[in-house]
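Hello,

Here is the structure I promised to pass on. Please open it first, then read my notes below.

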Amino acid sequence: MWSRICVLDKLGKGPWHKFANNFKDNVDRWKQVFDSDNPLAEHWPGKEQMSSLQRALVLLAVRTDCTIAGLQEVIAANLGKSFLEPPGFNLEKAFQTAASPTKPLIFVLSSGADPMVEVIRLAQKLSMNEHYITVSLGQGQGPKASQAINDGAEQGLWVILQNCHLASSWMPTLEVMVEGLSLSPDKACCGAAKTAMPSPDFPISVLQNGMKMTIEPPKGLKSNLLRAFNSIDPDWFAEGCTKSTECKQTFRKMLFGLCFFHALIQERCTYGPLGWNIPYQFSEPDRQICMMQLRMFLEENETVPYSALRYTAAEANYGGRVTDVHDRRCINFLLSDFYCPEILKDDYKFSPSGVYYAPSYGTTLEPYLEYIRNLPINQMPEAFGLHANANLVAAISETLRLLGTAASLQPKTGGGGGGASQDEIITEAASKYLEDVKPPFDTEAANVNYPVDYNESMNTVLNQELLRFNRLIIKVRSTLTDVRKAVKGLVVMSPELEEVADGILTDKTPSARLRVAQVAVDGGGAPPPRRTTAFRSPISGFYFTQSFLTGQLQNYARKQKLPIDTLIWNFTVLKALVEHSKPATGCLAYGIFMDGARWDDTEGVIAESLPKVLFSAVPTVHLTPCEATKDPTDRKAVYPSPLYKTSGRKGTLTTTGHSTNFVMTLMLPITKMHTEKYWTKRGVACLLQLDD
């Protein structure tokens, strides 16, 4: 926050004159802005002299989570409030005003949106419900799509191409066919190219000649539930389970729980890694197959088969999309709140607030729809099992994503305005970064001082770390040198160099690379001279953290003459602000942060986050090797917290079998008040570095 305030102070004109000093002098008034639920309505020093854009900049510095509200004020003041309210989706109007036999309708979609229902409804209204061809593109579907376009041209049919982004190799063929399309004007024909995600391979000429539309999925639990219940056949719902009256009541209760679960797992994506490590695209067919299975399982069994229902939904239907092991654990815990005996009780609530529950209204859909319409438009994080701070995380992420998109749209050529050109900015920044990144390490000296030693694996770890960091440092230095030459026209501006140049201008890519390189500048995890074992290590400073952990296990295994594959780690979080002596076994590791919760140093357990404090530091952790058969850990008294290198959490497997992000699982103590399920739904994880 302070760094952004200082940047505003450097502007030096108007309200920014001595802005940082004025902020310090009025820090109590600014604290009211920071603590306010609606900071835009607060009166801060100099607010009256600021334009709407300047007020938005203040919010970006002081309350980043409220920047969107400030930008909305800018739009309303300069363009009008109508630009803040997107028009409703009207396919019929777009078709009547823009469509022609040679002008396709192009749907540019976001995940979770599906316009096919609207397309089919329009076809029925225009008596084209038996005169359209649908092709879902993918591997081997190109010839079928070509044949469909030819048939549509000859017979006057609608041709609907779905998932165009999955057939990038066929896109040139589509471009040729659309350009050469010649249809009889008396035949109604519409080619609707539908893509689930924007794709750089989609033909530019087709985009230019077509009518482009976008449709977004419903946002919020309320909208998702309305969409789900509006899609249910009233007769199918009224019939329910055909076995008995009690079975019908069970079916409707659990059906509502299933629809709520479907909305919940979709909306958790809003909260970034706190919701899911990987943003999954759960779809309507996932929910529909679970609905059919629910009815079938209830009719074919005397008792409700909760375990079978949970397995088919969480492990097969929805779980088939979930590739991360920690996300799989989370989705199983989430579903257990809805596919459970408690949901049949009238006093069972889905969240602590008691707002959400499974109503029991009989055989018609309308009472259920009325209940859903009366739900809050904007749900609180507690509905998802998350802490209230999750709203801040979602708002800040949305702000940074919006500003990042705006920065990427800036012109790539400089000049004019009296300031430095973009070429000058890139050259100056690259020169500064080159001064910050020191030359590579002297690996030969390291090999002499720390030779290979059977009893000290840390020597090998150190030399391997230096080699890895040297490759990174050399790459960073050569890239920065080349990008300076490229802006002067001395070398070709390759795609890689262009990416670096854009990153410098938007403060994105290079900062991430140089943050890693800075660790190398600080020396990483190198043990001090004449010390035979690592004592207290900055675990966040390693390039390949797993090599350090394996080296520690190897030392213990050789000392105790044990097979290394029989060893596991035990974890003890030590008291903060206390000097700790060298342990007899294992090592002390620091540099760990907790996301989604905090470490209570007094009680020695995981505790709830403090308001507006998104991350908290974890004190030094004592890592102790032990045999798996002699593990003293009480699994019911700990939370298995995943440890990641970055806040992004998602990673890929390398050739060594290790993830590029996930490091290990820390067993951290918890109280009896909250179980592993509670903290898993909270999205609690430990990190080795923060975004700033």
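**Two loop residues**

Leu577 sits in the loop between β7 (567–573) and β8 (587–590). Please keep in mind that this is a predicted model. Leu577 is not a glycine, yet its phi is positive, at about 60 degrees. Its relative accessible area is 92%, so Leu577 is exposed.

Arg649 also has a positive phi, of about 70 degrees, without being a glycine. Look for Arg649 in the loop between β14 (638–644) and β15 (662–669). Is Arg649 buried or exposed? Arg649 has 4% relative accessibility, so it counts as buried.

**The cores**

The largest nonpolar core has 60 residues. Phe229 and Phe256 have the most contacts inside it. At least two residues of this core come from each of α11, α13, α14, α15, α16 (325–335), α17 (366–373) and α18 (390–408). Helix α13 gives the most, with 12 residues.

Now back to Phe256. Leaving out residues up to four places away in sequence, Phe256 touches Leu225, Phe229, Phe350, Tyr357, Ala358, Pro359, Tyr368, Tyr371 and Ile372.

**A lysine in α13**

Lys253 is in helix α13. Its relative accessible area is 6%, under the 20% cut-off, so Lys253 is buried. What does Lys253 touch? Its contacts are Ile343, Leu344, Lys345, Asp346, Ala358, Pro359 and Ser360, again not counting residues up to four places away in sequence. Ala358 and Pro359 are also touched by Phe256.

**Helix α14**

Helix α14 covers residues 284–300, which makes 17 residues. At 1.5 Å a residue, α14 should span 24 Å. Its end C-alpha atoms are 25 Å apart, so the two values agree. Buried residues in α14 include Glu284, Asp286, Arg287, Cys290, Met291 and Phe297. Which helices do the buried residues of α14 pack against? They pack against α11 (221–230), α12 (234–239), α13 (245–267) and α15 (306–317).

**A surface patch**

Ile75, Leu79, Phe83 and Leu84 make a nonpolar surface patch of about 370 Å². Nonpolar side chains tend to be buried together in soluble globular proteins. Leu79 lies in the loop between α5 (67–78) and α6 (91–98). At 54% relative accessibility, over the 50% cut-off, Leu79 counts as exposed.

Best wishes

Definitions and conventions:
Residues are numbered from 1 along each chain as its sequence is written. This is a predicted model: local features need pLDDT of at least 70, side-chain atom pairs count only at pLDDT 80 or more; totals for chains, interfaces and linings use all residues. Side-chain values use heavy atoms; hydrogens and water are left out. Helices (H or I, at least four residues) and strands (E, at least two) are DSSP runs, numbered from the N terminus. The expected span of a helix is 1.5 Å times one less than its number of residues. Buried means under 20% relative accessible area, exposed over 50%, partly exposed in between (1.4 Å probe, protein chains only). Contact means heavy atoms within 4.5 Å. Patches are made of residues with over 30% relative accessible area and no salt bridge: like charges are joined within 9 Å, nonpolar side chains (Val, Leu, Ile, Met, Phe, Trp, Tyr) within 5 Å. Accessible areas come from the Shrake-Rupley method with a 1.4 Å probe; for residues, only the protein chains shown count as cover. A salt bridge is a side-chain nitrogen of Lys or Arg within 4 Å of a carboxyl oxygen of Asp or Glu. A nonpolar core is a set of buried Ala, Val, Leu, Ile, Met, Phe, Trp, Tyr and Cys residues joined through side-chain atoms within 4.5 Å.
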